[in-house]
Amino acid sequence: MIELRNVNKTYNGKVKAVDNLNLKIEKGEIFGFLGPNGAGKTTTIKMITGIINTDSGSITINDVDIEKNPIEAKRQFGFVPDDPNIFLRLKGIEYLNFMADIYNVSSADRKERIDSLSKRFEMENAIGDPIQSYSHGMRQKIVIMGVLVHNPNVWILDEPLTGLDPKSSFLLKEMMREHTQSGKTVFFSTHVLEVAEKICDRVAVINNGRILFCGTLEEMKNHFKGESSLEKMFLEMTGNED
Amino acid sequence: MKINTILLAKVLLKGGGNKSGKGKNRPRWLLWIILAVAFLPLVAQLAVFTSVSYEVLKGMALQSIIPAIALALTSFVVFFFGIFYVLNTFYFTTDIESLLPLPFKPFEIIGAKFIVVTIYEYLTELVVLLPVLIVYGVMSGSGVLYYIYFLVIFLTLPVIPLVISSLIIMPLMRFTGLVKNKDRFKYIASIIALGIGVGFQVVIRKFVNSAADTSKLENTLTDLNRNVKTVTDFFPSAKFAALSLIKSAELSGFANIFLFICITAIFVFVFLFLSQLLYFKGVMGVSESGSRRRKLSRSEFEKITASRSVLLTYFLKEIKIIIRTPAYFINCLLSNFIWPVIILIPNITSNRKGMSISQFGELINQNANQGFILAIGFGFSLFLASSNCVTSTAISREGQNLYINKYIPLGFDKQILMKVMTGVVIGILGVGVLFTVISIMFKLSLTFVLVLIVSGIIGIIFSSFTGIIFDLLNPKLNWDNEQKAVKQNLNVIFNMLVSLIVAGVFIVLIFFTGLSLIQTFVTIVIAFGLFISILYFLVSRIGVKLFKRIEG
């Protein structure tokens, strides 16, 4: 569960990136975070994950406050950043083992998970090579695997499907579904509306740092009577801003 | 097309500098002032050496070899640095991927890059060539033409050595499999360069040492004259440049500078022609990196996936990245061994000095001034740990990926301490090698060695802490290639300055108080133990806040 209460963030004292944000992502749901470029999605995610500080307001993950008890809060989630170009000098497997060590995964668990994840993501022949030698999609996969290796309760993913091939993309969506079915939480941002439409239990639309809508797709459809596609609703919402 | 080249050179020069888009823009003039201060002693030394040599050589009517020596040596230094500039600017740079798809001809890109490298080399000339030739000009009472010729030579001299370094590198990159593993190539190149650098150091030492002794100076200069012939044979154009300066008052001076310019122009054309053939094919694929793509064996898998403590795993990650990133390997690890070598080589080679090495060792073992020698050893460790830049670039090296450190569940204090630990371990490696060799060479007593080692470690810990404080205060995170995180990073210079000052003050204090070995040792342990405790407190409290505040 993730909860944001009255969260604000301003850059350089001028640009208001997030404006009094309130969100609650329940256990067992896949939550899609939608919005145009520069809407405040990544800023929000960075605040949830403790990468940047909030100006005011509070953020809790499974009831642990990220600012008051950062280490415990960070243990609750796994994070897939939008840029997979990380730890390029390490081998894939070294990165996975690094993550396992950092999150105190037992030796037996990590071996079993690395084994099964590299099979599922078809990375068996690549994990022995430096991440530098991977394609964009493979780097994306290894970062996702780095999260799954410590089996976190909450998944936070920033644009996780960009660059993935259809098979891996399908696999990830399937895994998100499995994860929430066991009562856990998935929070992800995306531009791809079809994805949100297909797999999200609830979505929030953000623009100019403010939440324009938060609810199920059904509710959104009821709200925009007559509009059939999410794309049209999205465009109408974000287009009417300013 | 000429316009293309110049436009591109301008863009490349801007990109090569500090691209600190976000945040505070550090004043560039500050960097220049610091650089000037850092090089001033060398410039002054060269100027003094030139004027002393001039007097001596005048007695032998040989003073005109000064410009020849200066130009030949500068050509060699330019050539030497050129190998690295060419590698880094022509090949191992990220801009190449954005330049290749643009409609440029090979010679336009390489021409622009060549201009950039030439401009870098002017800095070399400023330090090495300018003081010598200005002093020579003044002392020989040369006329205006001398200075005009000098200006022309100053601007064109780097061209030929640079063309030669390019002509060594370009075919290598085009026809050998070296590009396939550019990291390995960089390692090999840097180790060879270190070897050449050490050799060069030996030669320089030889004649700088002899400057103090006029009778020896004559011998050295005649020696040097012979060596210069070898160098001018390699860079024939330097001879014409030298002759133009020596005979600037005569018509033959003009003939020589004309010849020099012609030869330079020919080199440029040959270079552009060959680059047209060699450059693109060599540079394409340079961004690929090697991989095996095979499944790990069960035993490999078991070995790599062994579980470790969180702190150890973080520390090992730091070490792995330093070893595997050529720019870090060279600046953080290899540089660690350069100073010991520089200090050891002249001592090993100069057996003609009044005292033998073992006599010197005895002197240390018996002399009452052991405290002073310990202070020097301590000061050296302090300086070495600051010059290896492990901690003073520890945050900067994270670059745009700093955010990863923010979301992993490992306290910032622990992360910072592990970064300090990395610096301490690497520092101990460098100092350890030096102290071991010195201890064996000088047959030092066991007590002295033990005291020296403990003091050395204290010195290393001290400057590892000051280094990370500088980097926490103002990390350089906006870089597009790793080289820029460690080079062109003011924190390294700041930390070296602080270490030099602290070491200097401490050595002077011990010298004047004349403390014994044990007294000096106790002073180090108590005083620097206290400093380190304060630094530790600062890092684990304020450092953590600073770390938290850095928002990439």
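Mentor: B:Ala238 counts as buried because 28 other C-beta atoms lie within 10 Å, where buried means 20 or more other C-beta atoms within 10 Å of a residue's own, exposed means 12 or fewer, and partly exposed lies in between, with C-beta atoms placed from the backbone. This is a predicted model, in which local features need pLDDT of at least 70 and side-chain atom pairs count only at pLDDT 80 or more, while totals for chains, interfaces and linings use all residues. Residues are numbered from 1 along each chain as its sequence is written, and chains are lettered from A and ligands numbered from 1 in the order in which they are written.

B:Ala238 belongs to helix H11 of chain B, residues 236-246; helices here are DSSP runs (H or I, at least four residues), numbered from the N terminus. Between the C-alpha atoms of B:Ala238 and B:Lys545, which stand 307 residues apart along the chain, the separation is 56 Å. Elsewhere in chain B, helix H19 (residues 412-441) has 30 residues and reaches 43 Å from its first C-alpha to its last, close to the 44 Å expected at 1.5 Å a residue, the expected span being 1.5 Å times one less than the number of residues. H19(B) is followed by B:Lys443, whose phi is positive, near 50 degrees.

Turning to the contact with the other chain, 31 residues come from chain B and 34 residues from chain A, two residues being in contact if their C-beta atoms, placed from the backbone, lie within 7 Å. On the side of chain B that touches chain A, helix H14 (310-324) and helix H18 (402-407) each supply at least two residues, and H14(B) gives the most, with six residues. By class, that side of chain B has eleven nonpolar, nine polar and eleven charged residues; nonpolar covers Ala, Val, Leu, Ile, Met, Phe, Trp, Tyr, Cys and Pro, charged covers Asp, Glu, Lys and Arg, and the others, Gly among them, are polar.

As for confidence, pLDDT is the predictor's confidence in each residue, from 0 to 100, and chain B averages 82, with 80% of the residues scoring at least 70. Over residues 16-25 of chain B, however, pLDDT stays under 50, and the model has eleven contacts beyond four places in sequence for them. For the complex, the predictor gives an ipTM of 0.91 and a pTM of 0.77.
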